[in-house]
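Colleague: Please take a close look at one residue and its surroundings. Which residues is it in contact with, leaving aside its neighbours in sequence?

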Amino acid sequence: RLILLSAHDTSLAAILSALNLQSKSPVEFAAFLTIELWQRKDSSGKNKDDYYITWNYNGDPQNFNNFC
């Protein structure tokens, strides 16, 4: 399933600020944030009841180990 949303630069700046991703410079032209929900698989390839999220800002993976 794919869901696409669009937003103005000010909306994206607010989200990035909340995630501590954005510096004091303005959001770049055509900047994008992708949030993906993945389901882990076991060694046989079957889905497990374990999920994780990946975040990418302008294609660069972001690490949130200390976020929550």
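Modeller: Contact here means heavy atoms within 4.5 Å. This is a predicted model, so local features need pLDDT of at least 70 and side-chain atom pairs count only at pLDDT 80 or more, while totals for chains, interfaces and linings use all residues. Numbering starts from 1 along each chain as its sequence is written, and side-chain values use heavy atoms, without hydrogens or water.

The residue is tyrosine 52. Beyond its neighbours within four places in sequence, tyrosine 52 is in contact with Glu36, Leu37, Trp38 and Arg40. Glutamine 39 sits 13 residues away along the chain, with a C-alpha separation of 6.5 Å from tyrosine 52. Tyrosine 52 counts as partly exposed because its relative accessibility is 30%; buried means under 20% relative accessible area, exposed over 50%, partly exposed in between (1.4 Å probe, protein chains only).

Now the strand around it. Tyrosine 52 belongs to strand S2. Strands (E, at least two residues) and helices (H or I, at least four) are DSSP runs, numbered from the N terminus. S2 covers residues 47–57 and pairs with S3 in the antiparallel sense, over three bridges. Pairing requires at least two DSSP bridges between two strands. Tryptophan 55 stands opposite glutamine 62 in S3.

The sheet is open, with three strands in the order S1-S2-S3 and antiparallel pairing. Its edge strands are S1 (33–41) and S3 (60–62), each pairing on one side only.

Finally, the whole protein. Its elements run α-β-β-β from the N terminus. Of its 68 residues, 12% are buried.
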